Number of protein chains: 2
Amino acid sequence: MLNKFLCHNHFDYLFMTVPNHLSFLDAFFHSKSVAVFGASTNSQKSGYKIVENLMNHHYLGKIYPINPRGGTILGLPLYKSVLDVEDSIDLAIIFVPNVHVVQIVKDCIQKGVKGAIIEAAGFGEVGIKGKNLRDELRRVTENFAKIRILGPNCTGITAVEEDGVGFFSSFIPMAKTKAGSLAIVSQSGFINGAYYPDFTGRNPQLGLRYVVAIGNKLDINENHLLEYFLYDESVSTIGIYIESFKDVRKFISLTRRAHKNNKDVILLRSGFSPIGAKATTSHTGSLAENSSLIKAVIYQSGCILADDFWELFQICRTISFLKDTNTNSIKLPKAAIITISGAAGAIISDWCHRNELIIPEFDGERYARLKELYPPWMDPNPFALIDYWPAVEHLKSYEKVVISATDIALSSPDIQVVFLTVYYNSKSWVVDWNKLKTLIEKHKKPIFVWIFGDYQDILKAEMIFQKIKIPVFNSEKEIVQTFSKIYKSREFRAKLNSNF
Amino acid sequence: MLNKFLCHNHFDYLFMTVPNHLSFLDAFFHSKSVAVFGASTNSQKSGYKIVENLMNHHYLGKIYPINPRGGTILGLPLYKSVLDVEDSIDLAIIFVPNVHVVQIVKDCIQKGVKGAIIEAAGFGEVGIKGKNLRDELRRVTENFAKIRILGPNCTGITAVEEDGVGFFSSFIPMAKTKAGSLAIVSQSGFINGAYYPDFTGRNPQLGLRYVVAIGNKLDINENHLLEYFLYDESVSTIGIYIESFKDVRKFISLTRRAHKNNKDVILLRSGFSPIGAKATTSHTGSLAENSSLIKAVIYQSGCILADDFWELFQICRTISFLKDTNTNSIKLPKAAIITISGAAGAIISDWCHRNELIIPEFDGERYARLKELYPPWMDPNPFALIDYWPAVEHLKSYEKVVISATDIALSSPDIQVVFLTVYYNSKSWVVDWNKLKTLIEKHKKPIFVWIFGDYQDILKAEMIFQKIKIPVFNSEKEIVQTFSKIYKSREFRAKLNSNF
């Protein structure tokens, strides 16, 4: 299984400065070999799809599928037991009914496997059987001294090494993925599962490094991963979906350390409501505790709170694009609005006001430059709300107006971001959007886009903006709130770092 | 121009019960002939596109393009003056520079034209020239006794008679549109302009009746239109974008009357912020006045407040679909969540809680039916949060589980709506969604969908849901908040109507 995709990160963990107490995670993220328990020769079964995912994504290590029935899968022989494998094995993926898991873990320990991803469910908090199985796992692993466990009840790990190459332990067919610096930790299998093709499909240029589903977190929890990602230089942005904190003080301390490293943490927390908490069946805290707890976490950690899965990925995508385009330095709560519609501009202004963002006035020089775009019968606003329709009518060039106005706005030291509303129609309102990319590189400031027009055309335009890493939003409110949430976290960071 | 598309509504206004003081609007909505001033033979000019829009949408009346230069446009002769037209003319569309407007209005009065849509700008609140032109218009029209004026500075009227047929006065090429019962009033040209292809493209099954841009509302204002739509039986839902109220007491009184008629009013109001207010340049009220005013309007009118243009159309679309599917009777703040992911279910539960929506418990009979879908090792929740993944694994049929669970939930007298999260992948997770339509018809209750999966597949699936008029949302928060806003307005209505 040695292959041409061998790349920098995967086996280079020796050069990482991960401290001893976290080095056990190297077996999960930098394995040289993996055993897949429950691998099936039936292509409809999940145990087949795990092996298929590993092969489709050109996993850099060796794959040993294990199944007592034997046979072959995708050209690989099925071993009847992991003890039959001659090679050493770093990592196990265990996809078998819960009752078989303890024996397999024992075999893994005997074989010297360092880590196991237990995807099987049935170890839950509710019911005596689950408790017995958990107790057994603790006992045979000597409290995880003999082998470390991710899960149970999880979709495991996605670790992208380069575009289309990596380790994929989920049983959901995973799309080809761009490599990047976004890491996700999730207490649900949803992100490494049904939602994966969605956010990667909508954001084909979003670069991922890791997605880790921690399931019931019998052993490894969110804090282990968060801390590891602080040391891992390939990670710059961390999204977390959590149903209950393992150790909230530790979490706050780690997120504060993340600020020191200029890494962003975006948090989605469920279980605010009694039903929501019951649905996750993983904690028993009352509503009041949860609400005040989460407020305290945000207040003390300065991480970004997402409202739902949609927003979690909108924010992660946006920050990733800021980093990719070298526009990640967000210092001022000041925006310019460039719009085809005074009404849309007014709505965006209102949302800026509600989020305490400022629309500054232009200085004399920039105002003079702006005025040149406008007809004699219509002056631009003195403040940074540029309604470009009269200028387009005057100059008869949509592109010239949009590019010039954006250039003028971004050039102002008093403006941090441009909220650009774009009308797109492939027949008559065509712009070479790469010119916006040039402006971003020139001014090192971001542009957030709200696009509308012919629906089929804008689906195509969204993919053009993806390529130049300009974040696109569906609504006026979303464009403003996303920026505002990022700004407020950066404001916290600036204060925190000035106190160090 | 008599044609095969002749349909019920357009000329039938004699049978409408519109009172005398509003009958002047018939000339705008039921014209038998229209003169287009500023019609151009140059296909790149807006004055050409207006005539093109009218012809492309098979306007049911006669079109008389007017231009002193003469010539022909799209097979029609250009008249040098409206006074040269032998036929009588109901309505004028005036798309010429502002300085020519007064003379044209004089000609229209002489000709006996009843209404004029003035699309030209340059009559604004700012500047002496605008004021003079407004004063002149008031004088020559004898305060609009001689002719009624829509605008100036507007994109006029869209009036859809049947699918693809209607009156379209905008200079933006307008997409073919479904006929329906949604009417929009907008103080901005945006909705009849750049945003039109967007919301109609995203919602090809959204039926429109009218979109009216009121511009500077020199004469006709939002209250005239709102009141007219209360009488017009072809209108059932009314969306309003407004920058300043003409007469807020009247507005509140009309929206309360709308409740009596079971017509919904969805309001988007800009100008909450100083910059937003300045951007619209149409009013001078302070921020504090605006914020408290709008709160008072919502409190007293029970209309639905939209956050931005995106949400305005999400809500209008949703209510239109409720009406189209006979599921518009929303009486209980009670929802069932049907989800592939416990995590997504928990997030939706949390948003239900924040919006004071209840997730009830199932009664014994329904719980027993639900339990039959589940494997012996996993019971469903006793409350209406159905995590269907174990059931799909058990029954090996996604369709059977989703359809059965939805049927059970909708059958409960204690459940008003199902929030259904759908994983869609055209290769392996295929469902005949028409079965959901059958359930909606059976139970007369709505289903709101949040869909995710392979992005290209879900774009197709969204269009399938459009066809069966099931509203689809992008996010967990949006699905809950949309229902909650509709419910709260209906709760207001129930109280109001019980007091009559």
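Predicted model: local features only at pLDDT ≥ 70, side-chain atom pairs only at ≥ 80, totals over all residues.
**View 1. A parallel strand pair in chain B, joined by a helical crossover.** Here you can follow strand β1(B), residues 33-37, alongside strand β2(B), residues 62-66; five bridges link them in the parallel sense. For a handy landmark, pick out B:Val34, whose bridge partner in β2(B) is B:Ile63. To get from β1(B) to β2(B), the chain passes through helix α2(B), residues 46-56, and this β-α-β crossover is right-handed.

**View 2. The contact between chain A and chain B.** Each partner is represented here: 51 residues come from chain A and 51 residues from chain B. On the side of chain A that touches chain B, the elements giving two or more residues include α5 (196-202), α8 (274-280), β18 (447-453) and α16 (455-467) of chain A. The largest share of that side, 10 residues, belongs to α11(A). Sorted by class, the side of chain A that touches chain B holds 23 nonpolar, 18 polar and 10 charged residues.

**View 3. Helices α10(A) and α17(A) packed against each other.** Two elements from the side of chain A that touches chain B, α10 (309-324) and α17 (476-499), return here. Their axes lie 10 Å apart at an angle of about 65 degrees. Because angles of 65 to 115 degrees count as roughly perpendicular, α10(A) is described as roughly perpendicular to α17(A). The crossing of α10(A) and α17(A) is right-handed. From α10(A), the contact uses A:Gln314, A:Ile315, A:Thr318 and A:Ile319, while α17(A) brings A:Glu478, A:Thr482, A:Lys485 and A:Ile486. By class, this contact of α10(A) with α17(A) comprises three nonpolar, three polar and two charged residues.

How values were computed: Residues numbered from 1 in each chain as written. Chains lettered and ligands numbered in written order. Pairing = 2+ DSSP bridges. Helix = DSSP H or I, 4+ residues; strand = E, 2+ residues; numbered from the N terminus. Right-handed = clockwise from strand over helix to strand, strands pointing away. Contact = placed C-beta atoms within 7 Å. Nonpolar A, V, L, I, M, F, W, Y, C, P; charged D, E, K, R; others polar. Axes fitted to C-alpha atoms, helices over the stretch in contact; angles between N-to-C directions. Parallel < 35°, antiparallel > 145°, perpendicular 65-115°, else oblique. Left-handed = near helix turned anticlockwise from the far one by under 90°.
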